[in-house]
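User: I am new to this structure and would like to learn how to read its features. Please give the general idea each time, then the case at hand.

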Amino acid sequence: MTTKEFLQQLITNPEQLSNLVEEAIEMAFQQGFLFRTCETPNSSEVVTYAPFTLFPSAVPKARLVQALEVQTHFNTLVDKISQDPDFLEEALASTIQADDFTARLVSIYRQVQQEGQTQSIVVGLNRSDYMVEQSMDGTSSLKQVEINTIAAAGFGVLDRLPEVHRHILRTTGLLKESECVQDTNMTPAMAAALAKAWEVYGQKKAVILFLVEDVQISQLTQRYSEIELWNRNIPVIRRKFEEVSRRGSLDGDKRLFIDGLEVAVVYYRYGYMPDNYTEQSWAARLLMERSRAVKCPDIGTQLAGTKKIQQVLASPGVLEKFFPDQPQVVEQIRATFAGLYTLDMGPEGDQTVAMALTNPHKFVLKPQREGGGNNYYGEDIVQVLQKFKNDQRRAAYILMDKIQPRTEQNIPLRKGLPPRLTTVSYEIGVFGAYVRYEGEMILNEALGPVLRTKSIEHDDAGVVRGVAMFDSPLVV
Ligand code: ADP
Ligand code: MG
């Protein structure tokens, strides 16, 4: 029997389903696959399991391999962009006229550039997301949704899920399939990247600062990363923007201090959305960016992950600029791109508007935001574009081809949600970890892959938002 056949049979047997769900949830607890609850997001007194699918999802091996193989090139690309002020300025010129948040980030970038960068170590932890499109003829292709260069979620807790899924397959007698669930072990590898940067920084007593959210629903998952660092005798502290703004300072060498501790590395778990910032937080962000501490990511790397940059990279000749002598790298990266279109003022942008208004259901309209729930689909695209299709405000967005992912059957498990058979689609996420030191990549790796899966009822995703669930790939 396959998972698919088993599922069909399972839904006709409520008792068996409920037993299996209980088995899965208890195994999740047993493995430490934990999340704080929405009701008490700042306390671990009462916790629940992180949302996940009862079964892992079948993913074509060739697509996983492709996503893993291209990742080190994406790492290099993001890193090159982050150090290219001319490219960033030109690519984001229209966006910053229309989008205050990006403008604010760019102004910090400029200020740091003008002062002269104080740190030649950079550590990057990004996640490139893909959907697998299935053609009529049975072939599949990998299409990048976006790349997240700040606070990419999934480290920690996701390493625990394959074990849960393997157990579920074993208990249901799907032994052969249970062997196709791979372990990820991403957290030790991401910690190794942070540790490398800390080591190169070269101060035994200096700490790694996790710059954390105001509402800390995913705190438990970050604990896995912290413990990996403590196990290497690297001290970790957690602070909010507000605390850095009140108690952080730079010394004469621009070394960053907080509460008497020197900070070697700032790992941002926050700061990717406008509502993450008050005026105080902006000041704290600037302080950290100007400092000698290693940033994960620095502001240039964060900007390299904007939707606008993604769109510009898809324009003819742009990738070639970053990889002048490596046509095969250009080819490998470009093969993952979906159609991306500018909305800057001018004839090209006008054409994009016309195309979107004629066939809104073929596209996604995206602002420069992260975290899910910000995009427009179908008729909403028409409504939004009608408002400002003729003025500069449209440049805050980009247009993208709507990807049509493969669909699967699965049973979502989320606290409070009755388990039922649901048509879902997944996104593959591959993590990139790298460290640049004095212009050289001294670490450049692909980690993962992980899956985030959502019901096809939803256009948009986001695990914390309550739409997507964690999932693991069953390699086929
Ligand atoms: P965010 O930074 O908010 O995560 P994304 O680009 O990842 O922005 O979009 C959020 C979600 O919207 C994705 O996880 C995916 O489910 C859906 N989405 C985004 N782009 C596309 C696309 N081109 N085709 C289909 N769905 C998309
Ligand atoms: Mg996303």
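Analyst: Start with burial: a residue is buried under 20% relative accessible area, exposed over 50% and partly exposed in between, with a 1.4 Å probe and protein chains only as cover. The model is predicted, so local features need pLDDT of at least 70 and side-chain atom pairs pLDDT 80 or more, while totals for chains, interfaces and linings use all residues. Residues are numbered from 1 along each chain as written, chains are lettered from A and ligands numbered from 1 in the order written, and side-chain values use heavy atoms, without hydrogens and water.

User: Is arginine 452 buried or exposed?

Analyst: Arginine 452 has a relative accessible area of 12%, so it is buried. Arginine 452 belongs to strand E20 (residues 440–455); helices (H or I, at least four residues) and strands (E, at least two) are DSSP runs numbered from the N terminus. A polar contact is a pair of N or O atoms within 3.5 Å; within protein, one must be able to donate a hydrogen and the other to accept it, and residues adjacent in sequence count only if both atoms are side-chain atoms. The side chains of arginine 452 and aspartate 129 make such a contact, at 2.9 Å.

User: How is glutamine 219 classed by its accessibility?

Analyst: Glutamine 219 counts as buried because its relative accessibility is 9%. Its place is in helix H10 (residues 219–230).

User: How do I read strand pairing, and which strands pair with E5?

Analyst: Strands of a sheet pair through backbone hydrogen bonds, either parallel or antiparallel. Here two strands pair if DSSP finds at least two bridges between them. E5 pairs with strand E19 (residues 422–437) in the antiparallel sense over ten bridges, and glycine 124 has tyrosine 434 in E19 as its bridge partner. E5 also runs antiparallel to E6, joined by eight bridges; there glutamate 133 is partnered by serine 141 in E6. Five residues lie between the strands in the hairpin of E5 and E6, where glycine 138 takes a positive phi near 90°. Strand E5 (residues 121–134) is mostly covered, with twelve of its 14 residues buried.

User: What is the order of the strands in the open sheet of four?

Analyst: The order is E13-E16-E14-E15, with antiparallel pairing. Strand E13 (340–341) and strand E15 (376–377) are the edges, each pairing on one side only. E14 and E16 pair over five bridges, and lysine 366 stands opposite isoleucine 398 in E16.

User: Which residues are closest to ligand 1?

Analyst: A residue is near a molecule if one of its heavy atoms lies within 4 Å of it. By that rule 22 residues surround ligand 1, and the closest are Glu146, Lys366, Gly372, Ile403 and Glu427. Lysine 366 has a polar side-chain atom 2.6 Å from an oxygen atom of ligand 1, and tyrosine 377 has one 2.8 Å from an oxygen atom of the ligand. A backbone N or O atom of aspartate 401 lies 2.9 Å from a nitrogen atom of ligand 1. The protein covers 96% of the 530 Å² of accessible area that ligand 1 has on its own, by the Shrake-Rupley method with a 1.4 Å probe.
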